[in-house]
Amino acid sequence: RAHEAGRRAEARVLLEKLREEDPDDVPVLNNLAAAQMKLKLTEEAIATLEHVLELEPDQYAAWFNLASIHFDRGQATLSGGGQPDADVVAKAMYAADRAVQYGGHLATMHTMRAKVLMLARSYAEAVTEFQASIRLGTDNEDVYLNCAKVQMNLGDKPGGIQTLMDGAAKHQGWAEVRIQILPYWVARKDGIAARTTMEEIETLLPDDPRLPQLRRFLEDNGL
């Protein structure tokens, strides 16, 4: 980790020198902001990203990174048991909106906006954004998992199950969606589907500590 941090620090120094040569070089500034974010130099990263957006207001990568910074701040507060500051959520939402406005052809932009909407407790709209990310071909399993979870929490269990099924069908290497699907097959007493899903999970996660519990779950339900 120290070695990796050292390389990031070296990259930052190099990018700082390049910025001195041309303070308005957008690719350099974007890379510098990314390095600053990795080094947790948050305020420096915000200042760099804001300068990028002064130069090119439609730079969706910069809007994405700005949204990510504010989202992470809000999420950290939430994870610590507090409530995210309204100003932090508003800043994250504004940046996420611009990221989708200018980069809406990319799944990652919709994923970021969905995460911010969840932080803002706008759950129904978050589902819409997760679904947009899915339509655009996201390869992020968490998008399917989070979308399904929110759908079910909103009372749309069939929709949530379908989201998980779609994820499993499109991505043969995803185990977590299969773990979430397993109780559905058990509830339906579909032994064949349950055992097939269990076999897929065992193949994908042969050393997972949850396997004994999942096996007992099937056995306890006569499957």
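## Helix packing in a predicted model

Phe-64 sits in helix H4. Helices here are DSSP runs (H or I, at least four residues), numbered from the N terminus. This is a predicted model, in which local features need pLDDT of at least 70, side-chain atom pairs count only at pLDDT 80 or more, and totals for chains, interfaces and linings use all residues. Residues are numbered from 1 along each chain as its sequence is written, and side-chain values use heavy atoms, with hydrogens and water left out.

Phe-64 counts as partly exposed, at 22% relative accessibility. His-70 also lies in H4, which spans residues 60-79. His-70 is buried, with a relative accessible area of 7%. Buried means under 20% relative accessible area, exposed means over 50%, and partly exposed lies in between (1.4 Å probe, protein chains only).

What does Phe-64 touch, leaving aside neighbours within four places in sequence? Its partners are Ala-99, Thr-108, Met-109 and Met-112. Contact means heavy atoms within 4.5 Å. His-70 touches Ile-46, Val-88, Lys-91 and Ala-92, not counting residues up to four places away in sequence. Phe-64 and Gly-103 are 39 residues apart along the chain, yet their C-alpha atoms are separated by 9.0 Å.

| Pair | Residues | Angle | Axes |
|---|---|---|---|
| H5 and H6 | 86-103 and 107-119 | about 155° | 9 Å apart |
| H7 and H8 | 123-135 and 141-153 | roughly 150° | within 9 Å |

Axes are lines fitted to C-alpha atoms, for helices over the stretch in contact, and angles run from 0 to 180 degrees between N-to-C directions.

H5 and H6 are therefore roughly antiparallel to each other. That label needs an angle over 145 degrees; under 35 is roughly parallel, 65 to 115 roughly perpendicular, and the rest oblique. H5 passes H6 in a left-handed crossing. A crossing is left-handed if the near helix is turned anticlockwise from the far one by less than a right angle, and right-handed if clockwise.

From H5, the contact includes Val-89, Ala-92 and Gly-103; from H6, it includes Met-109, Arg-113 and Leu-119. By class, this contact has ten nonpolar, two polar and two charged residues. Ala, Val, Leu, Ile, Met, Phe, Trp, Tyr, Cys and Pro count as nonpolar, Asp, Glu, Lys and Arg as charged, and the others, Gly among them, as polar.

H7 passes H8 in a left-handed crossing. Tyr-123, Val-127, Phe-130, Gln-131, Ser-133 and Ile-134 of H7 meet Val-143, Tyr-144, Asn-146, Cys-147, Val-150 and Gln-151 of H8. The contact of H7 with H8 has eight nonpolar, four polar and no charged residues.

Terms used: Helices (H or I, at least four residues) and strands (E, at least two) are DSSP runs, numbered from the N terminus.
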